[in-house]
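Reader: Please show me the sequence together with its model, and then let us work through the fold by question and answer.

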Amino acid sequence: MAKFNSDNFLTHLKGKWEGRPCPLCGVGNWNISDSVYELREFHGGGLVIGSGPIVPVVPVTCSNCGNTIMVNAILSGAVEKPEKKEGQND
Ligand SMILES: [Zn+2]
C-alpha cells in the first residue's frame, strides 16, 4: 500500500489550502509525497502488533524550510476508508 488517488488529494488541497504560504518560513513551494504513511499510537517505545488505530497521512513538505504538514489520507479522499482491519478473518 503506497500509491493513492492523487487527483482527489490535489482537489482537496486546492480547495482547503487556497495558495497560502508556509506558516513556518512564509515562502512555500510544497512537495507532496507520492506515498501514504501511517501514524500509530506510541506505546512506550515497544512495538505492539495488531492493536490500536492507525492514522493514514500524506506528508506535504515545504521545499524551503522542511516544514512538513501531514494531511489525513481518508478525509482528503486519497484513500478509501478500509471496511475492516487488516488480518481479520471472515
Ligand atoms: Zn517553509
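Author: Helices (H or I, at least four residues) and strands (E, at least two) are taken here as DSSP runs, numbered from the N terminus. This is a predicted model, in which local features need pLDDT of at least 70 and side-chain atom pairs count only at pLDDT 80 or more, while totals for chains, interfaces and linings use all residues. Residues are numbered from 1 along each chain as its sequence is written.

Reader: Which element has the highest mean pLDDT?

Author: The pLDDT is the predictor's confidence in each residue, from 0 to 100, and the protein averages 87, with 89% of the residues scoring at least 70. Where pLDDT is low, the predicted coordinates should not be read in detail. Among the elements, strand 2 has the lowest mean, 92, and the highest mean, 97, belongs to strand 4.

Reader: How far does helix 1 reach from its first C-alpha to its last?

Author: Helix 1 covers residues 6-17 and has 12 residues. The expected span of a helix is 1.5 Å times one less than its number of residues, and for helix 1 this expectation is 16 Å. The model comes close to that figure, since the reach from first to last C-alpha is 16 Å.

Reader: Which residue just after helix 1 takes a positive phi?

Author: The residue is found in the loop between helix 1 and strand 1, and its phi is about 55° although it is not a glycine. A residue counts as buried if 20 or more other C-beta atoms lie within 10 Å of its own, exposed if 12 or fewer, and partly exposed in between, with C-beta atoms placed from the backbone. It counts as exposed because it has 7 C-beta neighbours inside 10 Å, and its name is Glu-18.

Reader: Is Asn-29 buried or exposed?

Author: Asn-29 lies in the loop between helix 1 and strand 1, and it has a positive phi of about 70° although it is not a glycine. Because it has 12 C-beta neighbours inside 10 Å, Asn-29 counts as exposed.

Reader: What separates the C-alpha atoms of Cys-25 and Asn-64?

Author: Cys-25 lies in the loop between helix 1 and strand 1, and it counts as partly exposed because it has 13 C-beta neighbours inside 10 Å. Two residues are in contact if their C-beta atoms, placed from the backbone, lie within 7 Å; leaving aside neighbours within four places in sequence, Cys-25 is in contact with Cys-62, Asn-64, Cys-65 and Asn-67. Cys-25 and Asn-64 are 39 residues apart along the chain, and their C-alpha atoms are separated by 7.5 Å.

Reader: How many bridges join strand 3 to strand 4?

Author: Two strands pair if DSSP finds at least two bridges between them. Strand 3 (residues 54-62) and strand 4 (residues 68-72) run antiparallel, and they form a hairpin with 5 residues between them, where Gly-66 in the turn has a positive phi of about 90°. Val-60 has Ile-69 as its bridge partner in strand 4, while Val-57 stands opposite Asn-72. The number of bridges joining the two strands is 5.

Reader: What is the bridge partner of Leu-39 in strand 3?

Author: Strand 1 is joined to strand 3 in the antiparallel sense by 3 bridges, with Asn-31 opposite Thr-61. Strand 2 (residues 37-40) also pairs with strand 3 in the antiparallel sense, over 4 bridges. Within strand 3, the partner of Leu-39 is Val-55.

Reader: Which residues does Ile-54 touch, not counting those up to four places away in sequence?

Author: Ile-54 lies in strand 3, and it counts as partly exposed because it has 13 C-beta neighbours inside 10 Å. Its C-alpha atom and that of Glu-41, 13 residues apart along the chain, are separated by 7.3 Å. The residues touched by Ile-54 are Glu-38, Leu-39 and Arg-40.

Reader: Which residues make up the largest nonpolar core?

Author: Of the 90 residues of the protein, 10% count as buried. A nonpolar core is a set of buried Ala, Val, Leu, Ile, Met, Phe, Trp, Tyr and Cys residues joined through C-beta atoms within 7 Å. Ala-73 touches residues including Phe-4, Val-57, Val-58 and Ala-78. The largest core has 6 residues in all: Phe-4, Phe-9, Val-57, Val-58, Ala-73 and Ala-78.
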